[in-house]
Amino acid sequence: LSWALLLLVAALALEGTVAARCPTPCVCDNLRTHVLCLNGNLMAIPSTIPQLTKKLDLQGNSFTVIPVGAFLATPYLTHLDLQRCKVERLEEGAFRGLGRLVYLNLAFNSIALLYQESLDGLSSLQQLILEGNRIEEIQPGAFGHLGSLTVLDLRANALVYLPDMVFQGLQVLRWLRLSHNALHVLGSEAFTALPALRRLSLDHNELQALPSEALARLDGTTRLDLGHNPITYVAEEALAMASLKHLSLDHAALQDVAPNAFARSPQLRTLDLRENQLRGLPPLAGAGGLARVSLAGNPLLCSCLLRPFHDWLARARVQVEGACAAPPALRGRPLDSLRPPEMRCGHPRLPPSPVTPPEQPRAAGSGQCPQGCACSPDFRHGSCENKDLRKIPWGFPRDTRLLNLRQNAFGTVPPGAFPGLKELVSLHLQSCSIGALRPGALRGLESLVYLYLTDNRLSTLAATAFEGAPQLAYLDLDRNAFTRLPMGAFQLLPNLISLHLQHNAIRELAEGDLAGAGGLCWLYLAGNAIGHIAPTALAPAKMLEKLHLEGNHLAEVPTASLWGLPTLSELKLSRNPIKRVGDSAFLPVASSLQHLYLDNMGLEQISPGAFTGLGPKIRSLYLESNKMSHIPDMSNFTGLDILNLRDVPFHCDCQLLPLRRWIDKLNLRIGATCGSPAEARGLKVKLSTTFQTCPGWGRGKAGGTSPNKTKAASKPSKKKRSGKSPARGFKKSRA
């Protein structure tokens, strides 16, 4: 009895000691090692919190600064809640010593900057909540020590730009939440080094276009939220995400989607396009796995123009949600209830654009919307589309960010055409019969990033045409009347990243044409009449990553012009009359080239040394629809994800045996078929028996070994036949 009494007294004494250490405004649950100090007007982290505490809730206090080593006295913490504590700064090393912490909530504070060492010491952290702060900048390396983080919540901050590698170190991150910021520019490598990311939330931002380059780095992401962004158009192959299954683009400003917009996202299953400005869609032939499309809330015109899309839905067995807005006879009818004969063409009266309210709204900034136009204060958009205007209207709200003036008849854009629009980011002047962009036309547009001048009559540009728009990064001049690049026009555009000059009448690229375009990354020149490229024509664009020259008049690979382009990763030469590819044709860009398009050229011969220097870096090679009967050895191309050899009349003789052996080792659908001899015509190269008479057939067949090889030596070849190969991400070969 005496021993029991002594133990009881000791326990009570210990409990009293622990209870005495509980800070005055707090509640300590010693059994569950929880401490709550809610709304206590604390000015500093209490120093007497029990050392063994695992969960500490400090919501609603007034700390302002979290100093270095603030929690060194509580090393066993696993959960820490600092919501609504008026925190403005996290000193470097503030959380040192919290190696067991798995959950940290810093939501709804006033943090404006994350320093490189702000989150040092949190090696076990799995969830970091930074929602509702004022973060404008994240310094590189800020997340470098968070190797266990799976959820990062940065919603409702003030982020405008994401630099390259900003999330480096987050190797197991699964969900990145960036909603409700002001993002409008993402570095092309912003999402590099996020191999485990499965969901990315970018909704409710200021993205004017799909950030294709940045998103292409996310091979494993399955869900992408891009709703509530002022995106007006989804271009060809705009989304290249190999694992993407669910895409949300709802409540944006979409007016058009290209037929092959999702062709490089083969796993896409659901597409949410609700509440946009779509009057129709083309057949989305590239999205072969699509199961559901939502179009509710769009002003759909159910005429014969929508019939190809409607037919495609039926053929592809894609479920659709949405109803007709016009013609009147079909208004309100669900798309899936329509029969093709009902979708007739006449001259139906189009419904009002969804951005046009019943009454003329007042401007979000100063002044009113110009008469006949519509201004949306929520999106800060202005629209005068298809109003038969002869003169560019004035009087848009000063905070307008997107201005849609397409399908009018301006003819000329005069100097100072857009007064007071210093915040304008995106300007749409497509199909406006513009033949002249006068010097100073863009004066004052100091925030302009996107300029669309597609489908006009421009044939030349003055050197000062873009004066006053130094931030211009994306310039679209497709379908105009240029016969050469407008020399000198890019000197005033130091931030130009993307230049579209497709479907003009350009005949050559001359020296000096790209002077001043030192930051140009993407150059699109498809569908011109280019027959010659001067050796130094592309030299100013030293940062060039994509060069699209398909559908021109080139008779040979412009090898000499490719020198000095150390970052070129994508080269398209499709549909040029190139009959022969000579030795070392791509040697100047061999160290950087990843995607090469040589299809539909009538190509008759590829020299044995044509691919000298190319190898494991090549990820896709397109050679389909050509006329050669043999191709050189490509066994060094061990990194291929895509190889297309369809519609090539291969001569299936012993000279082709190396290709036949190589195909056995690949795990790709390549489509190679025999064109000759007659007994093999139409057969897949892989299935042709003509190779069985070739010397060495038994040694090389299907990765086999010669009789003098040991059984152990043949095991790796068996592994390869089972589907393990350097080429990634494809099912068993159907070559």
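**Notes on cavities and rings**

1. Strands here are DSSP runs (E, at least two residues), numbered from the N terminus. The model is predicted: local features need pLDDT of at least 70, side-chain atom pairs count only at pLDDT 80 or more, and totals for chains, interfaces and linings use all residues. Numbering runs from 1 along each chain as its sequence is written, and side-chain values use heavy atoms, without hydrogens and water.

2. That largest cavity holds about 70 Å³ of space. A cavity is a set of points, on a 1 Å grid over the protein atoms alone, where a 1.4 Å probe fits but cannot get out; lining residues have an atom within 4 Å of a point. Volume means the space filled by probe spheres set on the points, which are joined across faces, edges and corners. Of its 10 lining residues, Q255, Q277, H381, S383 and L402 are the closest to the centre.

3. Now for the rings: Y597 and Y622 have their centres 4.3 Å apart and their planes at 5 degrees, so the pair is stacked. Rings of Phe, Tyr and Trp (its six-membered ring) pair if their centres lie within 6.5 Å; planes under 30 degrees apart are stacked, over 60 edge-to-face, and the rest tilted. Y597 belongs to strand β40 and Y622 to strand β42, 25 residues apart.

4. Y597 has another neighbour: K572 lies over its face, 4.6 Å from the ring centre. The criterion is NZ of Lys or CZ of Arg within 6 Å of the ring centre and within 35 degrees of the ring normal.

Terms used
Helix = DSSP H or I, 4+ residues; strand = E, 2+ residues; numbered from the N terminus. 1 Å grid on protein atoms, 1.4 Å probe; cavity = no way out; pocket = protein on both sides within 12 Å on 5 of 7 lines; lining within 4 Å.
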